[in-house]
Amino acid sequence: MDKQEHFVKNIEIKNFKCFDDFKAEGFGRVNLIGGKNNVGKSTLLEALYINLNSKNEKRFLNAIFKISKNRDNFFALNNLFSQENIFKFYKILFTIKSTSIKNYKKNDINYISTNNFSINFEFIEEFTGLKINYQIDNKESNENIAISLLKDIFKRRIKTEDNILFVKPIGLDNEYINEFYENIQKLDKEDELNQSLAILDNSIKKFKIMNQEPVILQNNEYLLVTQLGDGAKQLINIFISIYSSKNGVLLIDEIDNGFHYTFFDKLWKIILTISKEQNVQVFATTHSKECIESYARVSKKLEDEEITFIELGKNKKDELKAMIYSYEWLIDEIEQNHEVRGW
Amino acid sequence: MVIIVEGKDDRNFFVALLNDLKNNNEIDVQDNINFDNYIEVMGGKSKLLDSNHTKYKKLKLKIDNDNIQKILFIFDCDFKEDDKNCNGMENSEKCFDNLIKKLNWNIKIDKSNNLHIFDKNLDYFLIETINDKECYNDFDNLIKCLEVESIKPNKKPIANLYRDLYPYPKFDFKDDKFQPLKQKLKNLFKKETNG
């Protein structure tokens with residue numbers, strides 16, 4: 001069996017949020033995505049996440065809800081899973097070209113296809129409940145999204161794929177950190193995490209879980225991780241997530257979030273090394289020029305050519321397009337001081 | 001837009017010339033513009049004229065995505081006597097035509113009368129425009145006396161010696177010889193700064 005069989009090599013997205021008709025091919029083991037604001041970097045991660053969870057119907061639906069929650073903290077905090085709110089979030093998530101629920105186009109077909117899975121789905125507005133038709137692995141399904149199912153999803157009775165993880169800018173919550181930290185312990189990687197944290201901030205001595213709470217030892221006292229700066233929290237998220245995505249896929253939105261640029265080389269060394277060791281495909285987004293330069297520099301230093309850089313931009317017709325740079329092309333662009341953060 | 005050049009020296013020259021145009025308000029660009037971004041260094045004339053060069057595949061994708069809409073090719077004709085297929089004015093033009101045909105880009109080609117600005121090569125052209133003409137003549141005479149041109153004319157002995165002596169050559173961008181090239185650059189940067 002091909003060790004990298006689970007890697008997404010190409011993707012086709014139709015009518016999904018800002019993606020009308022999009023194709024990209026030639027992804028590597030580690031893929032960094034750049035582009036201007038609101039061009040669709042995070043949406044590309046979302047499409048990948050939904051698609052990668054389409055092996056199982058319930059997980060597919062849960063992935064949709066997780067994406068909705070990631071996008072809206074208010075929704076996540078208040079857990080307002082009324083039918084009306086859920087519908088609003090479907091509207092946010094998918095291609096909705098009308099402005100009100102009543103004008104919602106009934107036959108909008110949303111389609112995401114990769115070399116791994118192909119799914120399409122359409123929403124039908126019903127006064128009695130949302131109805132979703134979807135097709136996974138050529139099997140048609142039709143389900144009313146009832147409130148009870150939503151409750152199950154929110155209470156995490158239904159899971160997404162275990163080794164397909166999505167690290168959003170606000171990070172993982174405690175429940176996930178507690179669950180995934182076990183993977184670090186099983187692999188005896190606690191010291192490695194602590195050493196990485198010490199490079200980021202030499203006052204941090206240790207990370208551990210105490211009374212179900214993630215804490216760090218700093219200046220001889222244990223502090224809740226929530227009291228840390230964004231960089232340390234992001235590093236813990238990434239480190240724990242990548243080890244928990246063995247033989248899977250890790251999606252990281254705004255990877256540079258919270259990090260000083262001098263830490264990027266260390267960060268990329270961690271990601272490139274562990275992703276290779278654990279056979280994890282990584283997709284990450286960034287706005288940072290220093291982050292992209294560091295990515296190219298560290299890949300070159302490690303002689304890791306299984307990387308790509310994906311530049312998103314729009315053509316004259318305002319259609320979203322991707323320019324995928326191979327290792328060789330990315331190194332050349334960076335060495336020539338070319339701009340690759342969108343056009 | 002993109003300016004395709006042979007080597008890093010050519011890039012440095014064009015960055016200097018573009019900055020001169022910017023400082024004299026002859027092109028309308030942002031103050032913090034990075035001119036490197038608009039120059040593709042191909043790594044030599046033979047690579048520039050090779051349609052299979054991987055950089056042309058990259059540029060083709062950029063053209064297809066409307067990331068590039070205008071391209072200016074700059075390369076030396078070099079000396080015919082150097083006995084290479086693409087040397088000299090006539091052979092260079094044939095090789096260039098062949099390149100464009102093979103690339104088959106869906107992009108407008110402006111092959112005006114000023115297609116070839118430089119006889120010999122860019123370095124000779126630049127040396128002729130240094131501020132101190134008298135100094136150049138003496139310099140040129142010295143090279144002739146030493147008969148180094150007869151050995152390797154395309155190695156640009158004048159330019160190389162001059163560059164070694166003066167790390168920051170005193171090119172006179174006001175020289176009339178620069179005008180056709182400046183006009184091409186102005187056309188390239190006209191209206192749009194992207195593409």
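User: Two strands pair if DSSP finds at least two bridges between them. With that settled, in what order do the strands of the open sheet in chain B come?

Analyst: The order is 2-1-3, with three strands and parallel pairing. Strands (E, at least two residues) and helices (H or I, at least four) are DSSP runs numbered from the N terminus. This is a predicted model, in which local features need pLDDT of at least 70 and side-chain atom pairs count only at pLDDT 80 or more, while totals for chains, interfaces and linings use all residues. Residues are numbered from 1 along each chain as its sequence is written, chains are lettered from A and ligands numbered from 1 in the order in which they are written, and side-chain values use heavy atoms, leaving out hydrogens and water.

User: Which strands are at the edges of that sheet?

Analyst: Strand 2 (39-41) and strand 3 (71-73) of chain B, each of which pairs on one side only. Neighbouring strands of the sheet are turned by 20 degrees against each other on average, direction ignored. Axes here are lines fitted to C-alpha atoms, for helices over the stretch in contact, and angles run from 0 to 180 degrees between N-to-C directions.

User: How many bridges between strand 1 and strand 2 of chain B?

Analyst: Three, in the parallel sense, with strand 1 covering residues 2-5. Ile4(B) has Glu40(B) in strand 2 as its bridge partner.

User: Which strands does helix 8 of chain B lie across?

Analyst: Strand 1 and strand 3 of chain B; helix 8 runs at about 160 degrees to strand 3.

User: And how does helix 8 cross helix 1 there?

Analyst: The axes of helix 1 (residues 8-23) and helix 8 (residues 179-188) of chain B come within 11 Å and cross at roughly 75 degrees. That makes the two helices of chain B roughly perpendicular, a label for 65 to 115 degrees, with under 35 as roughly parallel, over 145 as roughly antiparallel and the rest as oblique.

User: Which residues of helix 8 are in that contact?

Analyst: Leu181(B), Lys182(B), Leu185(B) and Lys186(B). They meet residues of helix 1 including Phe13(B), Phe14(B) and Asp20(B); contact means heavy atoms within 4.5 Å. The residues of this contact divide into seven nonpolar, no polar and three charged. Ala, Val, Leu, Ile, Met, Phe, Trp, Tyr, Cys and Pro count as nonpolar, Asp, Glu, Lys and Arg as charged, and the others, Gly among them, as polar.

User: Over to chain A. How many helices and strands?

Analyst: Eleven helices and 15 strands. Of the 343 residues in chain A, 54% are buried (under 20% relative accessible area; exposed is over 50%, partly exposed in between; 1.4 Å probe, protein chains only).

User: Is strand 10 of chain A enclosed or open?

Analyst: Largely enclosed by the rest of the structure, because five of the six residues of strand 10 (residues 213-218) are buried.

User: What does strand 9 of chain A do with strand 10?

Analyst: Strand 9 (residues 204-210) runs antiparallel to strand 10, joined by six bridges. Ile209(A) is bridged to Pro214(A). The hairpin has two residues between the strands, and Asn211(A) takes a positive phi near 55 degrees.

User: And strand 11 of chain A?

Analyst: Strand 11 (residues 221-224) is antiparallel to strand 10 too, with four bridges. Val215(A) is partnered with Leu224(A). In that hairpin, with two residues between the strands, Asn219(A) takes a positive phi near 50 degrees.

User: Which way do the residues of strand 8 of chain A point?

Analyst: Ile164(A) and Phe166(A) point one way, Leu165(A) and Val167(A) the other, and all are buried. Strand 8 pairs with strand 12 (residues 249-252) of chain A in the parallel sense over four bridges, and Ile164(A) stands opposite Val249(A).
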